[in-house]
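Dear colleague,

Below is the structure I said I would pass on. My notes on it follow.

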Amino acid sequence: MSAGGTKPRSRRGEFPEAPPRATGVQEGTPTVRIGALTLGTPVMLAPMAGVTNPPFRQLCREFGERALADVKAHNSGQPVRYERPGSYAPTGLYVCEMITSRALIEQTPETMRMIEPDMGDPVRSIQLYGVAPAAVAESVRLLVGNGWADHIDLNFGCPVPKVTRKGGGSALPWKHDLFAQIVEASVSAAQEASGGLVPVTAKFRIGIDDEHETFRDVTRMCEDAGIAALTLHARTMAQHYSGHARWDVIGELKEMTELPVFGNGDVFEAEDAAALVAQTGADGVVVGRGCQGRPWLFYDLVAAAHGSDLRYKPSLGQVAEVIVRHAELSIDHFRDERRAMREMRKHVGWYMRGFAIGGQARRDLGLVDSLDDLRGQLARLDLSQPYPVAAEGPRGRAGGEKRPHLPEFWLDSHELSAEQRAQIHQAELGISGG
């Protein structure tokens, strides 16, 4: 058994046999249905490149499970009904980093490592990116056929210029013909491979900019294709992550569709999630930057979703324990201590936000290269510090609004021109993660 208590993993480039999983549904929980999948808590961890790998997803999920256990301790006598393994997510969905269809089909070693699951997660959720309908469909068949995905989310929200200037990411929904082909092919492949048991959802933005909104047309095409649920990041491509998310647009989307709608944007505390749902009528929330260096945010989110005011406010000593566990899980995942510690450096910086540890200590923690070094650096801190107010609120780099980077003549039509169709393959990414 590995350090995290998981089964030994297969050689890279191969799909290991899916382990058996069983889940129970507590009666009376605030469930949301996504096709054949039930969410016992309407919360999702958003895919983030270099962040939402199995170790981090496991930490977030465990905090959510801890909250659920604490909230429901007094209801332990309630009956539990059992559902098909892979069909019930008691504390929500914890989505893998974005996987590209090309890299998955080629089974590149890094992509195969990225799709290794958090072995304790009852529902395996993977986000796919691609611009070729046939390739995206083949990726869906690979994931579903090999038991690696119980839920697939299609990414149409990436605002990164290197992707959008070639017609991919959040630029793609402007081309209705290509968008419709991708969602239709993906849903068909998932239905054929799973017998209708694996739902496909879609995540997208409001549009290119305020003058070129796409979410209404996207919603119609998703409904026609059989997409099971929608996630709207309530910003445009031009906004990137700047300014304020336009929650009113999430409300408009909810009014125009019968599909489950999840709102994304500016959810940094459990109270933000509650406010978003109250204002928009959304079925649930998707959280990204708000949990960076704060996996215990899912304790608060799950507790709040189940009507509790329980919140997790760790001391610096408790945060240090989480950091060490995160590092141990990362070493097990990467099977390379030095690489794991390099990956941990950014996380440690996020974990330390708001605590009074001094500039030199921050610099030293940003250079750790072994687990022993990390433990030693943490032991030198004043671990008795309570959780600071400065650790709460917005996280992540917001930046400013940017001019959209698009292929030439992209906005002239909602249909691909012959030249654009010949060049769209350039928007395909060979490396997963974004």
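Sheet pairing and overall form

In this predicted model, strand S4 (residues 43–45) is paired with S7 through two bridges, in the parallel sense. Within that pair, Leu45 lies opposite Tyr94 of S7.

Both strands belong to an open sheet of nine strands, which runs S7-S4-S14-S13-S12-S11-S10-S9-S8 with parallel pairing. Its edges are strand S7 (93–94) and strand S8 (99–100), each of which pairs on one side only. In general, the strands of a sheet are paired through backbone hydrogen bonds, in either a parallel or an antiparallel way.

As for the chain as a whole, its secondary structure amounts to 15 helices and 14 strands. The C-alpha trace spans about 65 × 50 × 45 Å along its principal axes. How does the radius of gyration of the protein chain, 21 Å, fit a compact globule, and why? It agrees, because a compact globule of 434 residues would have a value near 22 Å.

Some totals for the protein chain:

- Of its 434 residues, 58% count as buried.
- Of the contacts between residues at least 6 apart in sequence, 78% join residues at least 24 apart.
- There are 48 positive and 55 negative charges, and the mean positions of the two sets are 5 Å apart.

Regards

Conventions. Residues numbered from 1 in each chain as written. Predicted model: local features only at pLDDT ≥ 70, side-chain atom pairs only at ≥ 80, totals over all residues. Heavy atoms only, no water. Helix = DSSP H or I, 4+ residues; strand = E, 2+ residues; numbered from the N terminus. Rg over C-alpha atoms; globule rule 2.2 N^0.38 Å. Buried < 20%, exposed > 50% of the residue type's maximum accessible area, 1.4 Å probe, protein only. Contact = heavy atoms within 4.5 Å. Lys, Arg positive; Asp, Glu negative; His and termini not counted. Charge placed at Lys NZ, Arg CZ, Asp CG, Glu CD. Pairing = 2+ DSSP bridges.
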